[in-house]
Amino acid sequence: MREYRYGRIKPSEITDQQVWLKRRQLIKAGMAAGAGLLLGGANGPAMAAIAGPGNNRKISLSGESVYGRTLVPTEYEHITTYNNFYELGYGKEAPAENAAALKTRPWSIKVSGECNKPGIMDIEDILKLDQEERIYRFRCVEAWAMVVPWVGFSLGRFLKRFGPTSRAKFVEFETLYDPEHLPGQKRTVLDWPYREGLRIDEAMHPLAFMATGLYGEVLPGQNGAPLRLVVPWKYGFKSIKSIVSICFVEKQPLNSWNATAANEYGFYANVNPKVPHPRWSQERHRVLGKGVFGGKEDTLLFNGYAEEVASLYSGMDLRKYF
Ligand code: MTE
């Protein structure tokens, strides 16, 4: 099993003792239940997910990622109450407070553009795809990080279903536009709908995935229900929430933050301690749940996944393509 490179941090430094102990028990139980699965891959028996608080519907898992199994998840409460989701408001607590405004049924995703099999997929069918538990250190944008036991599936595998053509050089994602219900869209802070993009090779990389849940349960609205992107080696703003459209395109698409403040947010958004944000250093970050001044740690290039993803950017000046 693979060790995550933040393994040198003591689990007890990331979360409180009680949660840590509970997690140890769950890992033991999970290992017993899933021993065959680790060898057998996604065809093995269903995994026991890291248990959530039971707020939302459970998702049945078919496998687990090899990444991050030694990481201790940030508490559910922190992951779900300290969010950026401008459609649901502008403070960190606002998305949780306004989550009910986001209606996630009916919901479908339109896939279009440079592909042979464009189509519309209903979220209920998407939820029936093979879902794995994937634990990553997730790096947010203003120098904080958290460890999230996501539930989701490979983005690349999903995209291949639609037969991208050789002209599909990038993938563009869009969030729901519904100003009547989403309070944040009544203001023009961003040019709605929220948009993001990946280069096709980034999108096809096995680390990139679509999340439909966390802590074994369907995603809460504030975390981007019913479907959001997670790109573990990039800053959080790449992780577009509540996606309704995916389009294969030939030219590099605009992403919302780049369109709003190009000097602060680029297209690539790779976690890079050597490239400061114009208003703050990116050399260190704080771990959510450890207080404002606690839990600081060094930020690693590509969020610690250099071995896996650095080759995607070989020969590129990462100061220019930030
Ligand atoms: N997606 C949409 N649609 N709207 C947003 O405002 N904020 C982004 C990203 N995805 C955002 C979004 C930013 S800036 C961050 S840091 C992450 O979501 C935060 O994800 P989290 O709240 O699950 O931690």
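This is a predicted model: local features need pLDDT of at least 70, side-chain atom pairs count only at pLDDT 80 or more; totals for chains, interfaces and linings use all residues.
I'll start with where the ligand is. It sits in the largest pocket. There are 19 residues around the ligand, and the ones that come nearest are Asn83, Tyr86, Glu87, Ser239 and Lys241. By type, the shell around the ligand splits into 10 nonpolar residues, six polar and three charged.

Which side chain has an N or O atom 2.9 Å from a nitrogen atom of the ligand? That is threonine 175. The side chain of arginine 228 places an N or O atom 3.1 Å from an oxygen atom of the ligand. For asparagine 223, the corresponding distance from a side-chain N or O atom to a ligand oxygen is 3.4 Å. As for burial, the ligand taken alone exposes 540 Å², and the protein buries 99% of that.

How many turn up in a search of the whole structure? The count is 16. The one I want on screen is between the side chains of arginine 105 and glutamate 124, with an N to O distance of 2.6 Å. This pair links distant parts of the chain, 19 residues apart. Arginine 105 is in the loop between α4, residues 94–97, and β2, residues 108–113. Glutamate 124 belongs to helix α5, which covers residues 123–127.

Stay on arginine 105 for the backbone. The peptide bond joining arginine 105 to proline 106 is cis, with omega at about -10°. Proline 106 is in the loop between α4 and β2.

There is also a cis peptide bond between alanine 225 and proline 226, where omega is about 0°. Proline 226 lies in the loop between β9, residues 217–218, and β10, residues 228–230.

Last item: which residue has a positive phi although it is not a glycine? Serine 242, at about 45°. Serine 242 is in the loop between β10 and β11, the latter being residues 243–249.

How values were computed. Residues are numbered from 1 along each chain as its sequence is written. Side-chain values use heavy atoms; hydrogens and water are left out. A residue is near a molecule or strand if one of its heavy atoms lies within 4 Å of it. A polar contact is a pair of N or O atoms within 3.5 Å; within protein, one must be able to donate a hydrogen and the other to accept it, and residues adjacent in sequence count only if both atoms are side-chain atoms. Accessible areas come from the Shrake-Rupley method with a 1.4 Å probe; for residues, only the protein chains shown count as cover. On a 1 Å grid over the protein atoms alone, a cavity is a set of points where a 1.4 Å probe fits but cannot get out, and a pocket is an open set with protein on both sides within 12 Å along at least five of seven lines; lining residues have an atom within 4 Å of a point. A molecule sits in a cavity or pocket if more than half of its atoms lie within 2 Å of its grid points. Ala, Val, Leu, Ile, Met, Phe, Trp, Tyr, Cys and Pro count as nonpolar, Asp, Glu, Lys and Arg as charged, and the others, Gly among them, as polar. A salt bridge is a side-chain nitrogen of Lys or Arg within 4 Å of a carboxyl oxygen of Asp or Glu. Helices (H or I, at least four residues) and strands (E, at least two) are DSSP runs, numbered from the N terminus.
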